[in-house]
4 protein chains.
Amino acid sequence: MKYSFLNDYAEGAHPTILQKLSTTNRIQQVGYGQDFYSLEAANLIKEKLENPAAKIFFISGGTQANLLIISSLLLPHEAVISAESGHIAEHEAGAIEATGHKVLTAPTKDGKLQPEQLRPVLEQYSMRPHVVKPRLVYISNASELGTIYTKNELRQLYRFCQENNLLLFMDGARLGVALTASTNDLTFPDLAHYTDVFYIGGTKNGALLGEAVVFNKPELCKYFDYQVKQKGALLAKGRLLGIQFLTLFQTDLFFELAQHANDLAQKIARELENLGFPFLLNSPTNQIFPILSKTQIEKLHQQYSFLEWKQVDAQNTAIRLVTSWATQQSDIDRFIEAVKNL
Amino acid sequence: MKYSFLNDYAEGAHPTILQKLSTTNRIQQVGYGQDFYSLEAANLIKEKLENPAAKIFFISGGTQANLLIISSLLLPHEAVISAESGHIAEHEAGAIEATGHKVLTAPTKDGKLQPEQLRPVLEQYSMRPHVVKPRLVYISNASELGTIYTKNELRQLYRFCQENNLLLFMDGARLGVALTASTNDLTFPDLAHYTDVFYIGGTKNGALLGEAVVFNKPELCKYFDYQVKQKGALLAKGRLLGIQFLTLFQTDLFFELAQHANDLAQKIARELENLGFPFLLNSPTNQIFPILSKTQIEKLHQQYSFLEWKQVDAQNTAIRLVTSWATQQSDIDRFIEAVKNL
Amino acid sequence: MKYSFLNDYAEGAHPTILQKLSTTNRIQQVGYGQDFYSLEAANLIKEKLENPAAKIFFISGGTQANLLIISSLLLPHEAVISAESGHIAEHEAGAIEATGHKVLTAPTKDGKLQPEQLRPVLEQYSMRPHVVKPRLVYISNASELGTIYTKNELRQLYRFCQENNLLLFMDGARLGVALTASTNDLTFPDLAHYTDVFYIGGTKNGALLGEAVVFNKPELCKYFDYQVKQKGALLAKGRLLGIQFLTLFQTDLFFELAQHANDLAQKIARELENLGFPFLLNSPTNQIFPILSKTQIEKLHQQYSFLEWKQVDAQNTAIRLVTSWATQQSDIDRFIEAVKNL
Amino acid sequence: MKYSFLNDYAEGAHPTILQKLSTTNRIQQVGYGQDFYSLEAANLIKEKLENPAAKIFFISGGTQANLLIISSLLLPHEAVISAESGHIAEHEAGAIEATGHKVLTAPTKDGKLQPEQLRPVLEQYSMRPHVVKPRLVYISNASELGTIYTKNELRQLYRFCQENNLLLFMDGARLGVALTASTNDLTFPDLAHYTDVFYIGGTKNGALLGEAVVFNKPELCKYFDYQVKQKGALLAKGRLLGIQFLTLFQTDLFFELAQHANDLAQKIARELENLGFPFLLNSPTNQIFPILSKTQIEKLHQQYSFLEWKQVDAQNTAIRLVTSWATQQSDIDRFIEAVKNL
């Protein structure tokens with residue numbers, strides 16, 4: 001069996017989570033997310049966010065969170081703006097359009113949106129009522145390319161949004177690795193100040209499943225509960241999500257798992273750099289994109305699973321390596337050895 | 001803390017399931033439902049169903065399964081027919097209509113649809129193109145009232161559907177308790193012969209979450225995978241669903257848990273009958289509907305949680321008591337004692 | 001060729017309208033409803049309505065108006081309540097559900113909704129978030145059965161709506177015949193006081209096509225223009241609608257045409273009563289529902305087209321006769337003669 | 001009052017159409033498009049198209065036709081491909097997305113799609129089930145830039161579509177001017193061979209409103225009638241559309257009107273060329289895009305309405321001039337004079 005660096009969801013859950021599921025298993029709870037664990041987890045997150053007004057909803061997965069948040073915030077004629085590389089723009093099988101909304105896109109070099117990329121979109125979509133009205137900006141942190149937003153970038157983006165009557169939504173499927181990256185200067189409470197809504201990814205950071213959607217302003221989610229039910233996202237045993245987020249946040253487990261994933265990916269990156277491999281871009285999180293020759297890739301593929309991300313030239317391709325809470329030091333030692341033997 | 005007879009999803013999962021989650025936890029698997037456990041569970045179910053052509057999809061919950069199945073089988077002008085008491089007709093926050101389809105309803109006395117209730121609907125909805133076209137019949141087994149379909153009833157209903165170009169879909173959120181009821185004469189393989197699509201409820205029968213959707217005819221689900229993704233129902237860690245259904249079906253655990261729930265509910269029913277309590281209707285599964293006086297209900301409510309289902313007259317109300325895999329003999333002994341003390 | 005009493009849209013337009021189309025034909029106008037005629041017609045209607053704050057939109061047809069109004073006023077989890085006989089409930093091919101909203105229905109004896117029929121619907125749909133939230137009440141005046149609302153009925157209904165956070169929408173496809181019925185006591189300005197939104201039917205009252213949608217409160221249609229465009233209802237040559245409504249409202253033509261239709265229908269009704277024919281119900285507008293024997297119907301059908309509305313008993317059926325602006329005295333004279341000869 | 005070259009829908013209808021509306025006005029007809037005129041017009045079009053199997057539907061406008069055709073041909077996970085400049089991609093307020101479908105776009109230099117622009121889209125959207133499936137190609141002829149497809153281009157595009165399981169849909173809002181352009185070599189019957197569905201624009205070519213949708217293969221529109229009703233596009237007085245298309249096609253009026261518009265636009269173009277004005281691109285139809293200086297534009301705008309289409313450099317802008325059936329020789333003489341006087 002090949003070892004996989006394909007993604008951060010190849011294993012189950014962190015053992016502490018499984019253990020908590022066991023110890024709480026027999027305790028009767030009310031359903032549909034009103035259980036003790038969900039309420040407690042929501043309280044913990046609000047506390048760590050330093051925003052008691054925030055509203056929290058636990059959702060099973062990222063596409064589900066994205067479509068629920070976006071469709072609940074937009075009126076029928078309104079649209080969302082995403083980077084061309086944004087997950088909602090291409091990789092969700094038209095999930096946003098299926099809710100009736102256009103996804104407007106802007107090209108970026110590193111997966112991150114800035115005001116200068118938003119301006120031309122706003123200009124192009126202004127001839128009422130013949131064009132959709134941009135109303136929401138979708139960003140992901142860490143981005144699909146592993147890059148992260150600095151505090152200054154996020155602050156400026158949020159100011160631009162507020163000046164232009166746009167809401168700002170951060171897809172945090174990879175939030176853990178963003179906030180624990182070595183170059184990160186965003187704090188968890190910053191997210192309450194510089195986004196309108198975001199979510200905290202559990203699936204890619206040690207949970208069996210689950211994303212915690214955080215509305216920083218309660219007026220933005222007045223009827224979100226209805227949407228969660230109507231779109232089939234309300235679990236009868238909501239405790240399953242609550243228990244996991246309670247486990248992740250009642251200690252620093254959420255951040256420790258992400259830190260671990262980052263550390264191991266960056267170790268690989270440093271070793272490959274030392275070996276002279278170039279990179280597609282500089283990413284400080286658990287996804288790295290070294291460039292290898294086709295022959296090297298072929299050999300590595302005999303022992304390892306990973307994605308061929310983008311052909312760079314006739315001979316070379318950037319691959320994607322992803323680590324997770326479950327990756328072990330010995331896994332990456334063996335991998336580095338394999339690379340050295342190429 | 002009051003003991004709850006409110007529903008069959010108040011606890012976590014059967015311990016065997018939790019254990020299997022632990023023992024498989026570190027094994028790397030591909031994502032999105034293509035993992036070993038999901039494939040193996042699907043094979044097992046097809047085998048027990050004696051229908052190798054069947055296609056199986058694991059979905060997180062009942063509303064999600066209902067909306068995915070119904071919207072994927074209907075063209076935009078087509079409608080589904082449900083009993084007025086059907087879950088999709090009232091209790092899913094308009095989930096079916098949110099996918100663009102009308103839910104036509106027919107009144108029933110016991111929650112079960114028969115050809116004679118379908119005929120007037122077909123007559124009423126025939127003036128093309130001014131009315132929707134009925135195309136799918138939705139039934140639930142066990143029904144929302146705890147009743148079950150006999151083999152003869154299901155066979156006749158299916159024949160009627162085929163004669164009238166209607167598909168037949170069985171919501172099996174409560175399938176376990178239906179197939180293990182003392183009055184049941186339907187076998188598991190019968191479902192492959194007398195329905196077009198059905199699902200096997202895990203959430204209400206010992207799983208943390210999960211419904212196994214079974215298309216008996218592969219041509220009915222040619223693009224169902226796209227729908228699962230587009231509607232946000234595709235779990236990255238699909239193994240979570242696969243492992244649970246594998247555990248439930250590699251032994252007879254699925255049926256044993258349902259049998260257990262039925263046995264305990266029927267024990268309560270017999271005791272209450274002996275004590276002279278009338279019932280709203282005769283249900284052979286894990287939901288029973290005894291009629292109590294308002295005073296009796298008030299007293300019981302001090303110790304027990306349960307639903308007041310329907311006011312029968314000025315003094316009396318039918319309550320709903322639900323047992324599950326997690327209910328223990330001692331729980332019902334105490335409850336019967338409490339009733340005797342009223 | 002049989003003479004048709006099938007409906008009120010069997011002919012073209014009132015000649016004055018055709019003439020106005022000709023005399024304005026060469027005058028260049030801006031498109032999309034911003035032409036002089038549309039603006040002028042809107043002003044006239046607001047003036048006659050004595051509501052300068054009203055907002056007017058001209059739409060091609062009734063189903064289009066219904067779906068635009070309803071879907072633009074409802075949030076995704078909200079539902080509309082209609083009489084079971086309401087046009088949106090059955091005869092629009094699921095147009096409302098296709099916009100994602102459930103149509104809740106209440107039975108009525110005469111096609112008119114009253115508070116007592118709304119109360120049980122509100123009670124049934126209250127368990128948030130598991131059921132849709134009723135938000136809009138749909139009535140039609142004249143109703144699908146030719147009946148009309150009295151001022152008192154409408155006032156009480158509107159008060160009930162306001163007390164229960166419900167909007168009131170009057171489908172006025174047949175508004176002309178309602179307001180000119182002999183038993184009517186509603187004035188045109190009353191509609192501004194006792195509804196939130198209504199429309200004025202042109203198609204059934206002398207226009208080639210067109211319904212004038214009137215929002216009595218501008219805050220209810222802040223983005224309606226976007227919806228009109230997005231749903232394909234914005235005509236490039238909006239003048240076509242504006243010119244027609246200008247013609248209908250710059251004199252009393254709109255009311256005269258409706259009065260004419262009512263008068264002729266009521267003449268037939270009185271003659272049939274004198275001949276001893278019973279009626280399904282008493283309707284004061286241009287639709288009447290006399291009950292004839294099957295043999296009589298068969299004979300009449302040799303010379304006349306009309307709808308068999310409802311079988312009353314084994315021998316007798318209520319038919320529907322509809323007159324319009326285009327029906328002539330000689331047409332009904334001949335018809336009455338034919339009935340006498342049965 | 002300024003003379004307008006803004007668009008081809010500034011006036012009413014060609015007088016022959018108005019006359020025909022008058023002469024047929026009193027004749028009773030059945031509703032909803034089943035009238036004599038609609039059936040006769042459909043037969044005429046099928047005859048001229050030399051495709052007796054074709055199915056014709058008369059629709060009020062272009063956005064409505066586009067959204068009905070596209071949404072009726074696509075399954076929920078399928079997408080349409082359009083040129084970036086395609087009307088559906090930007091200028092229909094998200095009408096296609098509002099039906100649930102993603103619009104994929106490809107850049108073009110002249111508004112026309114060729115196989116080489118489609119190939120990369122097909123490659124990018126292939127990872128089932130994570131991305132939408134391209135299923136329909138949308139082209140417009142004449143395009144939004146006034147350009148037209150040659151027979152060879154259309155044939156190659158259609159072959160590419162067939163080889164790649166794509167349907168080909170031609171938006172013919174401007175079909176008349178395309179087929180009568182001096183450089184055109186497509187015949188009307190060619191459209192039956194090299195498209196799956198197209199429509200014939202009436203609104204921009206002398207009708208009050210109306211587009212004739214032609215499905216070349218009847219199996220593609222089995223339930224289109226339901227969609228027309230459900231989306232609010234079925235006119236009670238369908239005769240209004242039938243009479244207009246009958247008038248346009250029972251003689252060569254449709255083609256004569258378009259020829260007239262082309263001739264006048266090309267006369268302006270030749271004169272401007274002679275005067276030394278450059279053009280944004282070479283378009284052989286009724287839309288031309290000469291480049292003028294800002295000062296010149298400002299002066300012309302005192303007497304004429306037209307669109308500033310695209311800024312070419314700091315000093316110069318391409319404007320759009322549009323002629324129609326209603327433009328007269330004297331109108332363009334005066335305009336050319338005005339340009340000479342700049």
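## A pair of strands in chain C

Ser82(C) stands opposite Thr105(C), a residue of strand 4 of chain C. This comes from a predicted model. Strand 3 of chain C covers residues 78-83. Four bridges tie strand 3 of chain C to strand 4 of chain C. The two strands run parallel.

Helix 6 of chain C, residues 115-124, packs on the sheet. Helix 6 of chain C touches strand 3, strand 4 and strand 5 (133-140) of chain C. The direction of this helix makes about 135° with that of strand 4 of chain C.

## The whole sheet

Which order do the strands of this sheet follow in chain C? The order is 2-8-7-6-5-3-4. Seven strands take part, the sheet is open, and the pairing is mixed. Strand 2 (55-59) and strand 4 (103-106) of chain C stand at the edges. Each has a single partner strand, so one side of each has no neighbour in the sheet. From one strand to the next, the twist averages 25°.

Another helix lies across strands of chain C.

Strands of a sheet pair through backbone hydrogen bonds, and the pairing can be parallel or antiparallel.

## Chain A as a whole

Chain A has 13 helices and 13 strands. The C-alpha atoms of chain A fill a box of roughly 60 × 60 × 35 Å along the principal axes. For 342 residues, a compact globule would have a radius of gyration near 20 Å. Chain A has 20 Å, so the value agrees.

A hairpin shows the antiparallel case in chain A. Strand 12 (residues 307-311) and strand 13 (residues 316-322) of chain A run antiparallel, joined by four bridges. Four residues lie between the two strands of this hairpin. Gln311(A) stands opposite Thr317(A), which is in strand 13 of chain A.

## Two domains in chain A

The domain assignment divides chain A into domain 1 (3-9 + 254-340) and domain 2 (15-251). Their centres, taken over C-alpha atoms, are separated by 27 Å. The contact takes 17 residues from domain 1 of chain A and 21 residues from domain 2 of chain A.

Which elements give two or more residues to the side of domain 1 of chain A that touches domain 2 of chain A? They are helix 11 (253-274) and strand 9 (287-288) of chain A. Helix 11 of chain A gives the most, with seven residues. By class, this side of domain 1 has ten nonpolar, six polar and one charged residues.

## Chain A against chain B

Chain A can be laid on chain B by a turn of 180° and a shift of 0.0 Å along the axis. The RMSD is 0.0 Å. That is the relation of a two-fold axis. The same surface serves both copies, as 100% of the contact residues of chain A recur in chain B.

In this contact, 39 residues of chain A meet 40 residues of chain B. On the side of chain A that touches chain B, helix 1 (15-23), helix 3 (62-73), helix 9 (224-230) and helix 10 (239-250) of chain A each supply at least two residues. That side of chain A divides into 17 nonpolar, 17 polar and five charged residues.

## Chain D against chain C

Chain D can be laid on chain C by a turn of 180° and a shift of 0.0 Å along the axis, with an RMSD of 0.0 Å. Here too the same surface serves both copies: 100% of the contact residues of chain D recur in chain C.

The contact takes 40 residues from chain D and 40 residues from chain C. Helix 1 (15-23), helix 3 (62-73), helix 5 (95-98), helix 10 (224-230) and helix 11 (239-250) of chain D give two or more residues to the side that touches chain C. By class, that side of chain D has 17 nonpolar, 17 polar and six charged residues.

## Backbone details

The peptide bond from Arg128(A) to Pro129(A) is cis, with omega near 0°. Pro129(A) sits in the loop between helix 5 (115-124) and strand 5 (133-140) of chain A. In chain B, the bond from Arg128(B) to Pro129(B) is cis, with omega near 0°. Pro129(B) is in the loop between helix 6 (115-124) and strand 5 (133-140) of chain B.

Asn165(A) is not a glycine, yet its phi is positive, near 55°. Asn165(A) lies in the loop between helix 6 (151-163) and strand 6 (167-171) of chain A.

Key
Residues numbered from 1 in each chain as written. Chains lettered and ligands numbered in written order. Predicted model: local features only at pLDDT ≥ 70, side-chain atom pairs only at ≥ 80, totals over all residues. Pairing = 2+ DSSP bridges. Axes fitted to C-alpha atoms, helices over the stretch in contact; angles between N-to-C directions. Contact = placed C-beta atoms within 7 Å. Least-squares fit on C-alpha atoms with pLDDT ≥ 70 in both. Nonpolar A, V, L, I, M, F, W, Y, C, P; charged D, E, K, R; others polar. Domains from an automatic or database assignment. Rg over C-alpha atoms; globule rule 2.2 N^0.38 Å.
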